[in-house]
Amino acid sequence: MRDDDNDLPKDLTHITPGYRRALWIVVGLNVGYGLVEMVGGFVSGSQALKADALDFLGDGLITFLGLLAIGWSLAWRARSALIQGLFLGALGLGVLATTGYRVLVLNQPEAELMGLFGAIALVANVAAAAVLIPHRTGDANVRAVWLFSRNDAIGNLAVVVAAGLVWWTGTAWPDLAVAAVIAGLFLQSAWLIVRDARADLRKATQPG
């Protein structure tokens with residue numbers, strides 16, 4: 001991050017050139033690998049990989065929205081964050097629904113492919129989260145982008161662990177359990193983002 005970025009207050013992080021560069025890096029990493037991992041999820045039959053690929057794609061799209069929101073007023077940045085939170089919540093509910101269906105079908109995923117894609121995804125997510133660490137504080141829009149990237153890193157670590165458990169137990173249950181945990185993480189972060197966005201909206205609409 002450049003020296004002139006450090007001269008700005010934390011609540012203006014969204015307008016710095018360093019933040020713009022970080023967002024473009026995160027968009028490229030997440031959308032690119034999200035497409036790759038979705039294919040891997042279908043090939044390996046892993047629900048956890050599919051759930052994590054959705055998180056990648058959602059993170060990339062929402063990060064792009066955060067990029068567009070740079071320079072907007074506080075009220076519109078809060079509305080952007082509110083959209084991000086609702087989108088993340090919808091992803092979480094979608095993962096829960098598909099996980100419930102998978103329990104009825106219960107096809108065992110291929111642990112080797114699941115572990116391979118999960119490990120590569122973990123590297124990509126750690127890289128994305130690392131570039132955002134200096135920009136994790138600020139308004140609701142800034143915090144939403146950080147939470148999306150942080151969730152990706154945590155989710156991928158869980159996928160790697162699930163792959164090992166699938167191989168060890170010979171069942172699909174660890175994969176299903178991890179998908180449910182990832183969904184729960186989505187919903188918890190969605191609640192935090194919506195809460196912060198509503199607080200920013202109240203602040204922006206207060207007179208004086």
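How much accessible surface does the chain have, and what share of it belongs to carbon and sulfur atoms? The surface comes to about 9,600 Å², and carbon and sulfur atoms account for 71% of it. Keep in mind as you look around that this is a predicted model.

The chain has 208 residues, and 49% of them count as buried.

Let's step inside. The largest nonpolar core has 40 residues, and those touching the most other members are Tyr-19, Leu-23, Leu-88, Val-95, Leu-132, Phe-186 and Ile-193. Two or more residues of this core come from each of H2, H3, H4, H5, H6 and H7. Take Leu-132 as an example. Leaving out residues up to four places away in sequence, Leu-132 touches Tyr-19, Ala-22, Leu-23, Val-26, Val-145, Trp-146 and Ser-149.

Is Ser-189 buried or exposed? This serine sits in helix H7, which covers residues 173–205. Ser-189 is buried because its relative accessible area is 0%, and buried means under 20%. Its side chain makes a polar contact with the side chain of Arg-150, at 3.4 Å. Beyond its neighbours within four places in sequence, Ser-189 is in contact with Leu-88, Leu-147, Arg-150 and Asn-151.

Next, find Leu-113 in helix H5. With a relative accessibility of 24%, Leu-113 counts as partly exposed. Which residues does Leu-113 touch, not counting those up to four places away in sequence? They are Val-43, Ser-44 and Leu-49. Leu-113 and Ser-44 are 69 residues apart along the chain, yet 5.8 Å separates their C-alpha atoms.

Finally, let's return to the outside. Trp-24 belongs to helix H2, residues 17–44. Trp-24 is exposed because its relative accessible area is 52%, and the cut-off for exposed is over 50%. Together with Phe-64, Leu-68, Trp-72 and Trp-76, Trp-24 makes a nonpolar surface patch of about 560 Å².

Conventions. Residues are numbered from 1 along each chain as its sequence is written. This is a predicted model: local features need pLDDT of at least 70, side-chain atom pairs count only at pLDDT 80 or more; totals for chains, interfaces and linings use all residues. Side-chain values use heavy atoms; hydrogens and water are left out. Patches are made of residues with over 30% relative accessible area and no salt bridge: like charges are joined within 9 Å, nonpolar side chains (Val, Leu, Ile, Met, Phe, Trp, Tyr) within 5 Å. Accessible areas come from the Shrake-Rupley method with a 1.4 Å probe; for residues, only the protein chains shown count as cover. A salt bridge is a side-chain nitrogen of Lys or Arg within 4 Å of a carboxyl oxygen of Asp or Glu. Helices (H or I, at least four residues) and strands (E, at least two) are DSSP runs, numbered from the N terminus. Buried means under 20% relative accessible area, exposed over 50%, partly exposed in between (1.4 Å probe, protein chains only). A polar contact is a pair of N or O atoms within 3.5 Å; within protein, one must be able to donate a hydrogen and the other to accept it, and residues adjacent in sequence count only if both atoms are side-chain atoms. Contact means heavy atoms within 4.5 Å. A nonpolar core is a set of buried Ala, Val, Leu, Ile, Met, Phe, Trp, Tyr and Cys residues joined through side-chain atoms within 4.5 Å.
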